[in-house]
Amino acid sequence: MRITDLNIDGFGKFTDFSINDLGEGLTVLHGENEAGKSTLLSFIRRMFFGFPDKRSKCNHYPPFKGGMHGGRLAIHVNEGTGYTIERYAKKGLNIYLPDGSIKGEAELGNILGNADKDVFENVYAFGLDELQDFSKLNGDSVSGKLYSAGTGIGTVS
């Protein structure tokens, strides 16, 4: 899977913000402190795995400058098949398939190869906090996915 476009309607410091035409291969976000790197990573995580419950103590990244809380990711999987993931805190999730149909959480699970949030955060998209806390890599789910990827028997590319 490859993220090709990122469109934020409202999330933290970002309003009506887009990054388009991301290339193939590794993508590294760098910038000054407080530039929004961690906010962008959190946005991607929320698009894939949802917004936390309002009672959660984590940062919810409410839109400071307006806009609907959420946005869209355009992704390509399996030989360039394109999907758009659209998620908003109050409206929920829509997955737009290439044939024009709209699906939900089950389809997103299929697209992600049933990788859960722990696998995504510790293997595919991690930040400084995850690098500093290697104890998170001891989870059964992460270990299983790493083993599967290493032996070539995993379902996640």
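User: Which residues are buried in H1?
Analyst: This is a predicted model, in which local features need pLDDT of at least 70, side-chain atom pairs count only at pLDDT 80 or more, and totals for chains, interfaces and linings use all residues. Residues are numbered from 1 along each chain as its sequence is written, and side-chain values use heavy atoms, with hydrogens and water left out. The buried residues of H1 are Thr39, Leu40, Leu41, Ser42, Phe43, Ile44, Arg45, Arg46, Met47 and Phe48. Buried means under 20% relative accessible area, exposed over 50%, and partly exposed in between, with a 1.4 Å probe and protein chains only.

User: How many residues does H1 have, and how far does it reach?
Analyst: H1 has 13 residues and spans 18 Å from its first C-alpha to its last, close to the 18 Å expected at 1.5 Å a residue. That expected span is 1.5 Å times one less than the number of residues in the helix. H1 is mostly covered, as 10 of its 13 residues are buried. Just after H1, Gly50 takes a positive phi of about 90°.

User: What about the overall pattern along the sequence?
Analyst: The protein follows β-β-α-β-β-β-β-α-α-α-α, with 5 helices and 6 strands. Helices (H or I, at least four residues) and strands (E, at least two) are DSSP runs, numbered from the N terminus.

User: Which residues touch the most other members of the largest nonpolar core?
Analyst: They are Phe43, Phe48, Leu73, Ile75, Ile85 and Ile95, in a core of 23 residues. Such a core is a set of buried Ala, Val, Leu, Ile, Met, Phe, Trp, Tyr and Cys residues joined through side-chain atoms within 4.5 Å.

User: And which element gives the most to this core?
Analyst: H1 does, with 5 residues. At least two residues each come from S1, H1, S3, strand S4 (81–88), strand S5 (92–96) and helix H2 (105–111).

User: Changing topic: how many aromatic pairs are there?
Analyst: The count comes to 5. Rings of Phe, Tyr and Trp (its six-membered ring) pair if their centres lie within 6.5 Å; planes under 30 degrees apart count as stacked, over 60 as edge-to-face and the rest as tilted. For Phe11 and Phe51, the ring centres are 6.4 Å apart and the planes stand at 55°, so this pair is tilted.

User: Why does that pair tie together separate parts?
Analyst: Phe11 lies in strand S1 (residues 2–11), while Phe51 is in the loop between helix H1 (37–49) and strand S3 (70–77), so the pair joins parts that are 40 residues apart in sequence. Both Phe11 and Phe51 are buried. Ring pairs also link Phe11, Phe43, Phe51 and Tyr61 into a cluster.

User: Last one: is Glu34 buried or exposed?
Analyst: Glu34 counts as exposed, at 72% relative accessibility. Glu34 lies in the loop between S2 and H1.
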